[in-house]
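Let's take a friendly walk through the aromatic side chains of this structure. Please have the sequence and the 3D view at hand.

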Protein chains: 2
Amino acid sequence: MTHHDAVHEFAQMLRNLERWIDKAAEHAKAKSFDVDVLVSARLAPNQYAFAQQVQSACDQAKFAAAYLGGRKAPAHPDTEKTMAELRQRIQACLAFLESVPQKEFSGAEERKVSPPWLGGKWLRGDDYLLQVAIPNFFFHVTTAYAILRHNGVELGKMDYIGSMSARDPVAGREDARV
Amino acid sequence: MTHHDAVHEFAQMLRNLERWIDKAAEHAKAKSFDVDVLVSARLAPNQYAFAQQVQSACDQAKFAAAYLGGRKAPAHPDTEKTMAELRQRIQACLAFLESVPQKEFSGAEERKVSPPWLGGKWLRGDDYLLQVAIPNFFFHVTTAYAILRHNGVELGKMDYIGSMSARDPVAGREDARV
């Protein structure tokens, strides 16, 4: 599994997250409440609200692409107050993820990743991806999903997973995600 | 990132999950309630309870090790009703994960993975790991964590992440997880 593949999967999940926001908007409309109420919804008083879960998911993907692709991450200040602004944040993140070409992830496994919060220590690129970026990225998208579920939004496992690159044994190797 | 590394990370996260259960037990004791009340706690009426989140996390790890390591997965029936039984389930899963030697994951990227729920279709091993096993595994551990947080158990991000293979630039390459 390449580092480029992992960043591509983060992008797919962020697109799924946008669809959960669509479903939240449908739910709010059906129940006659303002969908932006959910922006500050949280599961525990000392846990991040929905907005911060989305911001953090975007940042985990952005920093993975930056550190592993050898790029400087663009600044995305955490100023979003509405679902519309959170969608823009996701779009800005996706644009950056797509801007890092596959070849720049070459050698990412052994790249030294030294985020500021490690206080001068570093992780091998492979360890950063598997022990930091992947667990944290899925933590934040799953918690965003859980906040919406907890508030009655009708989501199911296929909304979470989205599409897969399943192949048909008759048609042979197919690359379309289904 | 190798498939063996990914299965090893699943095992690390399952050990973290055991420590969250320790903290749930401490919380229950401090608040004078039976910790097994949390076994059936859930975030939404039509979402899995804690027990099923733990069972599903174990199964995602188990089937990843089995499919990608070319092994038959052992049967682990979903009969757990107590935290003590859920700990045993995690231990049984860990014992299986550790039983698959690293060399058996050789070639896992291209292995055809055809779980029964795909109805005869298949996924490349790499796609199965990245599009199915990783998102689902972290979905279930994160939701288990969220259920405990929602019920007042004092957990933080470092409980979620556990240890990391951070290296010190002075001491050179260190393999211990910190």
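Rings of Phe, Tyr and Trp (for Trp, its six-membered ring) pair if their centres lie within 6.5 Å. With that in mind, ring pairs join F10(A), F137(A), F138(A), F10(B), F137(B) and F138(B) into a cluster. This is a predicted model, and a search of the whole structure finds 21 aromatic pairs over all chains.

| Pair | Ring centres | Plane angle | Type |
|---|---|---|---|
| F63(A) and Y67(A) | 5.6 Å | 25° | stacked |
| Y145(B) and Y160(B) | 5.8 Å | 75° | edge-to-face |

F63(A) and Y67(A) sit four residues apart, about one turn, in helix α2 (residues 50-69) of chain A. F63(A) is partly exposed, at a relative accessible area of 31%, and Y67(A) is also partly exposed, at 24%.

The edge-to-face pair of Y145(B) and Y160(B) links distant parts of the chain: Y145(B) belongs to helix α4 of chain B and Y160(B) to helix α5 (residues 157-161) of chain B, 15 residues apart. Y145(B) is buried, with a relative accessible area of 1%, and Y160(B) counts as buried at 0%.

Helix α4 (residues 125-150) of chain B also holds T143(B), which is buried with a relative accessible area of 0%. Beyond its neighbours within four places in sequence, T143(B) contacts T142(A), L43(B), Q47(B) and Q53(B).

Lysines meet rings here too. K112(A) lies over the face of W122(A), 4.5 Å from the ring centre, and K112(B) lies over the face of W122(B), at 4.5 Å from the ring centre.

Conventions. Residues numbered from 1 in each chain as written. Chains lettered and ligands numbered in written order. Predicted model: local features only at pLDDT ≥ 70, side-chain atom pairs only at ≥ 80, totals over all residues. Heavy atoms only, no water. Helix = DSSP H or I, 4+ residues; strand = E, 2+ residues; numbered from the N terminus. Buried < 20%, exposed > 50% of the residue type's maximum accessible area, 1.4 Å probe, protein only. Contact = heavy atoms within 4.5 Å. Phe/Tyr/Trp six-rings, centres within 6.5 Å; stacked < 30°, edge-to-face > 60°. Lys NZ or Arg CZ within 6 Å of the ring centre and 35° of its normal.
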